[in-house]
Amino acid sequence: FHVSCIGRCKNSSCPLSRKVQHDSCPGQFMDRTYTIVNNTYLTFVIKSNQGYHNNVFVCKNNRCIGFDKVCNLVDDCGDSSDEDMCTNHIQCHKTKEYLSVTQECDGKIDCKDLSDECNERCGKQLIVGYWLKALAWILGISAVSLNIW
């Protein structure tokens, strides 16, 4: 019952490597069957039409979900632990919404706070050009100066 990340986690550590202990997932999988893994720890397996399996991801909050729910751009655990170590997405700063990495720096604003387009990795700025930047500074300083008086 070895957990495999083959084809799931490219260029990153595998979020599926968390051990499923015998007492994981309280209140879930009532039909579990207990077994010993590598003579080191007690775990459980679940019977399905294809036989027994343990493709269970244990969230940090001890809730359990299937492997297919890990790194799917949705917080299925409720504590984001199923999306923590994934490299297939980015997260908007304010809304904490997950977006595919292909949506970052693509010229289309997907995050309400613009964090998918205006960041260090994109190298984009809202105001480009020396004269526009100088004008923005002058207007900003003028507005502050006028508000002080």
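This is a predicted model: local features need pLDDT of at least 70, side-chain atom pairs count only at pLDDT 80 or more; totals for chains, interfaces and linings use all residues.
Student: Where does S115 lie, and what does S115 touch?

Tutor: S115 sits in the loop between β7 and α1. Leaving out residues up to four places away in sequence, S115 touches C92 and H93.

Student: What makes the S115 and D113 side chains a polar contact?

Tutor: The two side chains meet at 2.7 Å. The cut-off is 3.5 Å for a pair of N or O atoms. The pair of S115 and D113 is a polar contact.

Student: Why are C105 and L114 called partly exposed?

Tutor: C105 has 28% relative accessibility. L114 has 26%. Buried stops under 20% and exposed starts over 50%, with partly exposed in between. So C105 counts as partly exposed, and so does L114.

Student: What makes E104 and R121 a salt bridge?

Tutor: Their closest N and O atoms are 2.6 Å apart. The limit is 4 Å, from a side-chain nitrogen of Lys or Arg to a carboxyl oxygen of Asp or Glu. E104 and R121 form a salt bridge. Both partners sit in the loop between β7 and α1, 17 residues apart.

Student: Are E104 and R121 buried or exposed?

Tutor: E104 has a relative accessible area of 15%. With the buried limit at under 20%, E104 is buried. R121 stands at 56%. Exposed means over 50%, so R121 counts as exposed.

Student: How many salt bridges does the structure hold?

Tutor: It holds 3. One of them joins the side chains of K60 and D84, at 2.9 Å from N to O. K60 is in the loop between β4 and β5, and D84 is in the loop between β5 and β6. The two are 24 residues apart and link distant parts of the chain.

Student: How do you know which class K60 and D84 fall into?

Tutor: K60 has 58% relative accessibility. Exposed means over 50%, so K60 counts as exposed. D84 has 40%. That value lies between the two cut-offs, so D84 is partly exposed.

Student: Why does the pair of D110 and K108 count as a salt bridge?

Tutor: The closest N and O atoms are 3.7 Å apart. The rule asks for within 4 Å. D110 therefore forms a salt bridge with K108. K108 counts as exposed, at 54% relative accessibility.

Student: Why can such side chains pair at all?

Tutor: Side chains of opposite charge can pair when their charged atoms come close.

Student: What makes the rings of Y130 and W131 an aromatic pair, and which kind?

Tutor: Their centres are 5.3 Å apart. The limit is 6.5 Å. Their planes stand at 75°. Over 60 degrees counts as edge-to-face, so the pair of Y130 and W131 is edge-to-face. The count comes to 1 aromatic pair.

Student: Are those two residues buried or exposed?

Tutor: Y130 has a relative accessible area of 62%, and W131 has 71%. The exposed cut-off is over 50%. So Y130 is exposed, and W131 is too.

Student: Which residues make up the largest nonpolar core?

Tutor: It has 8 residues: F57, C59, I65, F67, V70, C71, C77 and C86. A second, separate core has 7 residues, including V20, F44, I46 and C64.

Student: What makes a set like this a core?

Tutor: Its members are buried nonpolar residues joined through side-chain atoms within 4.5 Å. In soluble globular proteins, nonpolar side chains tend to be buried together.

Student: What is the overall picture of the chain?

Tutor: The chain has 1 helix and 7 strands, in the order β-β-β-β-β-β-β-α. Buried residues make up 30% of the 149 residues. The chain exposes about 10300 Å², and carbon and sulfur atoms supply 56% of that.

Note on methods: Residues are numbered from 1 along each chain as its sequence is written. Side-chain values use heavy atoms; hydrogens and water are left out. Helices (H or I, at least four residues) and strands (E, at least two) are DSSP runs, numbered from the N terminus. Buried means under 20% relative accessible area, exposed over 50%, partly exposed in between (1.4 Å probe, protein chains only). Accessible areas come from the Shrake-Rupley method with a 1.4 Å probe; for residues, only the protein chains shown count as cover. A polar contact is a pair of N or O atoms within 3.5 Å; within protein, one must be able to donate a hydrogen and the other to accept it, and residues adjacent in sequence count only if both atoms are side-chain atoms. Contact means heavy atoms within 4.5 Å. Rings of Phe, Tyr and Trp (its six-membered ring) pair if their centres lie within 6.5 Å; planes under 30 degrees apart count as stacked, over 60 as edge-to-face and the rest as tilted.
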